[in-house]
Amino acid sequence: MAADFADFDLSQRRISSLTPEIFYIPNFISADEEAQLLGKIPPNRWIVLTHRRLQAHPSQLARNNTLLRAPLPPWLTDPVVPRFERLGIFSDTPHRAPNHVLLNEYKPGEGIMPHEDGLAYAGVVATVSLGSTLVLDIYSKRDGTRMKEPKDRSQNGPKVISRILQEPRSLLVTKGGAYADYLHGIAPVTQDTDLNPSTVANWSLLGNPTAFESGTSKRETRISLTYRDVLKVSDAASRILGKKNILVK
Ligand SMILES: O=C(O)CCC(=O)C(=O)O
Ligand SMILES: [Fe+2]
């Protein structure tokens, strides 16, 4: 049985006071709950991209970043959302609860380019990891506005400032602009390497650090559930459904 997180102090799980506000909780869900979640993912909802596939629940956002008002499906709500409530994760966002979940699936060798999450969402993202461990890289936004020569690219490009190891069943919470003032990405590799207490920012918070003592972690298929609060919500069902152009993200 996973803990119910009633008297849990999230501030104790902050990854580092020097970097953006990011919190890590291993074993946020139990192995049974993980298996149930994996079993509930609808096989017909995947949007296939080049290096991963994704699903959006309850729906994709419309072009103007508006969510059509609809509840999250129950399998994405229980048991996760009540635990968020007990931890106060979304207590300061406009709807005080997540209203949107993006699922991403990465097979070994797949990843996601460094990016920021954009203006559609409140500045809190809560990510539940399923199936496999992988490293999330956090990048500073280097000022690359003017690159005189292509060779300057290495100096001006985004730079990894933090590496976060996400174990299956863990929760990662990013707050306070961590996903807007910094970039985040996942390298398209088949194993994560160079893992140790000085290269992994959340090493001291890991559930099972002994599993990574060899310094490498082989990727299996990993699915993330990223819970968000979309700022703009609309009841105008017919107007939005009438529009042809729907954005993935
Ligand atoms: O899979 C993840 O943990 C990150 C996904 C992500 O960055 C996104 O969907 O914007
Ligand atoms: Fe993202």
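Good morning, everyone. A word on conventions before the tour: residues are numbered from 1 along each chain as its sequence is written, while chains are lettered from A and ligands numbered from 1 in the order in which they are written. This is a predicted model, where local features need pLDDT of at least 70, side-chain atom pairs count only at pLDDT 80 or more, and totals for chains, interfaces and linings use all residues.

Let me begin with confidence. pLDDT is the predictor's confidence in each residue, from 0 to 100. The chain has a mean pLDDT of 89, and 87% of its residues reach 70 or more. For the complex, the predictor gives an ipTM of 0.98 and a pTM of 0.89. Please treat residues 144-150 with care: pLDDT stays under 50 there, and the model has five contacts beyond four places in sequence for that stretch. By contact I mean two residues whose C-beta atoms, placed from the backbone, lie within 7 Å.

Now the overall make-up. The chain holds five helices and 15 strands; these are DSSP runs, with helices being H or I of at least four residues and strands E of at least two, numbered from the N terminus. Of the 249 residues of the chain, 32% count as buried. A residue is buried if 20 or more other C-beta atoms lie within 10 Å of its own, exposed if 12 or fewer, and partly exposed in between, with C-beta atoms placed from the backbone. Among contacts between residues at least 6 apart in sequence, 82% join residues at least 24 apart.

On to the sheet. In what order do the seven strands of the open sheet run? The order is β1-β10-β7-β14-β5-β3-β2, with antiparallel pairing. Two strands pair if DSSP finds at least two bridges between them. The edges are β1 (22-25) and β2 (47-48), each of which pairs on one side only.

β1 pairs with β10 in the antiparallel sense over four bridges, and Ile 25 has Leu 171 as its bridge partner in β10. Strand β10, residues 171-174, is covered on both faces: Leu 171 and Val 173 on one side, and Leu 172 and Thr 174 on the other, are all buried. Strand β7, residues 125-130, is joined to β10 by four bridges, and the two run antiparallel. In that pairing, Ala 126 has Val 173 as its bridge partner.

In the largest nonpolar core, which has 46 residues, Ala 126 and Ile 164 touch the most other members. A nonpolar core here is a set of buried Ala, Val, Leu, Ile, Met, Phe, Trp, Tyr and Cys residues joined through C-beta atoms within 7 Å. Not counting residues up to four places away in sequence, Ala 126 touches Phe 84, Ile 89, Pro 98, Leu 171, Val 173 and Tyr 227. In soluble globular proteins, nonpolar side chains tend to be buried together.

Ile 47 stands opposite Leu 54 in β3.

Now to the ligand. Which residues surround ligand 1? They are Leu 102, Asn 104, Ile 112, Asp 117, Thr 127, Leu 136, His 184, Ser 224 and Thr 226, where being near means a C-beta atom, placed from the backbone, within 6 Å. The elements giving two or more residues to this shell are β5 (100-106) and β14 (222-228).

Finally, some backbone details. A cis peptide bond joins His 57 and Pro 58, with omega about 0°, and Pro 58 lies in the loop between β3 and β4. Ser 59 is in that loop between β3 and β4 (66-68). Ser 59 counts as partly exposed because it has 14 C-beta neighbours inside 10 Å. Another cis peptide bond joins Asp 78 and Pro 79, with omega about 5°; Pro 79 is in the loop between α2 (74-77) and α3 (80-87).

Arg 96, although not a glycine, has a positive phi of about 55°. Is Arg 96 buried or exposed? Arg 96 is exposed, because 12 other C-beta atoms lie within 10 Å.
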